[in-house]
Amino acid sequence: MWRCIDLHRRLPNGGAPQQASRWTPATLEEAYQRCGQVTSEFAKTFYLGTQLMTPIQAKSIWAIYVWCRRTDELVDGPNANKITPKARHTPLLSCRPQN
């Protein structure tokens, strides 16, 4: 979680979503690598299974896993009962992960 917060702090505009034209291949690659790190930390066996895939397939699966993990945390994470429905949807729709 702390690595994610640190990465969030280092992003331009405090992690606010960037315009589509400002996303570069390097930015996308960094996002995929972060998804790989999250997957390897929280789903070790699942991550090992992705090592049998092509790199493109593995990156895609990591991104899907992290998306599902983040949305699941909004519903039943440790702070779920303190978050209003509107507060749950705002980070999700703005592509800003919240821990």
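Which residues in α2 are buried? Select α2, and you will find that Arg34, Cys35, Gly36, Val38 and Thr39 are buried, where buried means under 20% relative accessible area with a 1.4 Å probe, protein chains only.

Before going further, note that this is a predicted model, in which local features need pLDDT of at least 70 and side-chain atom pairs count only at pLDDT 80 or more, while totals for chains, interfaces and linings use all residues. Residues are numbered from 1 along each chain as its sequence is written, and side-chain values use heavy atoms, with hydrogens and water left out.

Zoom out to the whole protein chain, which has 5 helices and 0 strands, helices being DSSP runs of H or I with at least four residues and strands runs of E with at least two, numbered from the N terminus. Of its 99 residues, 21% count as buried.

Now select α2 (residues 25-42) together with α4 (residues 55-76), whose axes, lines fitted to C-alpha atoms over the stretch in contact, come within 8 Å and cross at roughly 65°. The two helices are therefore roughly perpendicular to each other, a term covering angles of 65 to 115 degrees.

Finally, show the side chains where these helices are in contact (heavy atoms within 4.5 Å): residues of α2 including Tyr32, Cys35, Val38 and Phe42 meet residues of α4 including Trp62, Tyr65, Val66 and Arg69. By class, this contact of α2 with α4 has 8 nonpolar, 4 polar and 4 charged residues, with Ala, Val, Leu, Ile, Met, Phe, Trp, Tyr, Cys and Pro counted as nonpolar, Asp, Glu, Lys and Arg as charged, and the others, Gly among them, as polar.

Definitions and conventions. Axes are lines fitted to C-alpha atoms, for helices over the stretch in contact, and angles run from 0 to 180 degrees between N-to-C directions. Angles under 35 degrees count as roughly parallel, over 145 as roughly antiparallel, 65 to 115 as roughly perpendicular and the rest as oblique. Buried means under 20% relative accessible area, exposed over 50%, partly exposed in between (1.4 Å probe, protein chains only).
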